[in-house]
Amino acid sequence: MTVTTIKVPVATRDRLKAHAAAYGEPLGAHVERLLDLADRESRFDQLHSAVEATVGAKLDDYCRERDEWLDAELS
């Protein structure tokens with residue numbers, strides 16, 4: 001794997017290092033995890049926007065299917 005250096009303020013680097021240490025991760029792996037979390041948040045924001053833009057019968061269908069999944073017996 002090729003590595004590189006990125007320029008960030010010292011305070012940012014120190015925060016990242018401390019955060020990674022708190023999770024017991026190397027800095028590179030921790031940055032990857034933070035990026036994965038940001039990607040996940042973006043996908044949920046897109047989903048929320050799509051649901052908010054859904055109207056009429058499509059919204060009724062969505063709510064019905066959502067409720068079926070939420071009320072499903074899992075045992």
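**Reading salt bridges, burial and helix packing**

Guide: Let's begin with Arg33, which counts as partly exposed because its relative accessibility is 26%. Buried means under 20% relative accessible area, exposed means over 50%, and partly exposed is in between, with a 1.4 Å probe and protein chains only. This is a predicted model, in which local features need pLDDT of at least 70 and side-chain atom pairs count only at pLDDT 80 or more, while totals for chains, interfaces and linings use all residues. Residues are numbered from 1 along each chain as its sequence is written, and side-chain values use heavy atoms, leaving out hydrogens and water.

Visitor: Which side chain does Arg33 meet in a salt bridge?

Guide: The general idea is that side chains of opposite charge can pair when their charged atoms come close. The cut-off for a salt bridge is a side-chain nitrogen of Lys or Arg within 4 Å of a carboxyl oxygen of Asp or Glu. Here the partner of Arg33 is Glu25, at 3.0 Å from N to O. Glu25 is partly exposed too, with 23% relative accessibility.

Visitor: How many salt bridges does a search of the whole structure find?

Guide: The search finds four. One of them joins Asp61 and Arg64, whose closest N and O atoms are 2.5 Å apart. Both residues belong to helix 3 (residues 56-70), where they sit three residues apart, about one turn of the helix. Helices are DSSP runs of H or I with at least four residues, numbered from the N terminus. Asp61 has a relative accessible area of 42%, so it is partly exposed, and Arg64 is partly exposed at 47%.

Visitor: What does Arg66 form a salt bridge with?

Guide: Its partner is Asp67, with 3.0 Å between the closest N and O atoms. Arg66 is partly exposed at 34%, and Asp67 is partly exposed at 32%.

Visitor: Let's turn to burial. Is His30 buried or exposed?

Guide: His30 is buried: its relative accessible area is 0%. You will find His30 in helix 2 (residues 27-53). Its side chain makes a polar contact of 2.5 Å with the side chain of His19. For a polar contact, two N or O atoms must lie within 3.5 Å; within protein, one must be able to donate a hydrogen and the other to accept it, and residues adjacent in sequence count only if both atoms are side-chain atoms. Setting aside residues up to four places away in sequence, His30 touches Leu16, His19, Ala20, Tyr23 and Glu25, where contact means heavy atoms within 4.5 Å.

Visitor: At what angle do the axes of helix 1 and helix 2 cross?

Guide: Two packed helices are described by the angle and the distance between their axes. In this model, the axes of helix 1 (residues 10-22) and helix 2 come within 9 Å and cross at roughly 90°. Helix 1 is therefore roughly perpendicular to helix 2. Leu16, Lys17, His19 and Ala20 of helix 1 make the contact with Leu27, His30, Val31 and Leu34 of helix 2. By type, these residues divide into five nonpolar, two polar and one charged. As for the terms, axes are lines fitted to C-alpha atoms over the stretch in contact, with angles from 0 to 180 degrees between N-to-C directions; roughly perpendicular covers 65 to 115 degrees. Ala, Val, Leu, Ile, Met, Phe, Trp, Tyr, Cys and Pro count as nonpolar, Asp, Glu, Lys and Arg as charged, and the others, Gly among them, as polar.

Visitor: Which residues is Ala20 in contact with, leaving aside its neighbours within four places in sequence?

Guide: They are Glu25, Pro26, Leu27 and His30. Ala20 is buried, with a relative accessible area of 2%.

Key: Helix = DSSP H or I, 4+ residues; strand = E, 2+ residues; numbered from the N terminus. Parallel < 35°, antiparallel > 145°, perpendicular 65-115°, else oblique.
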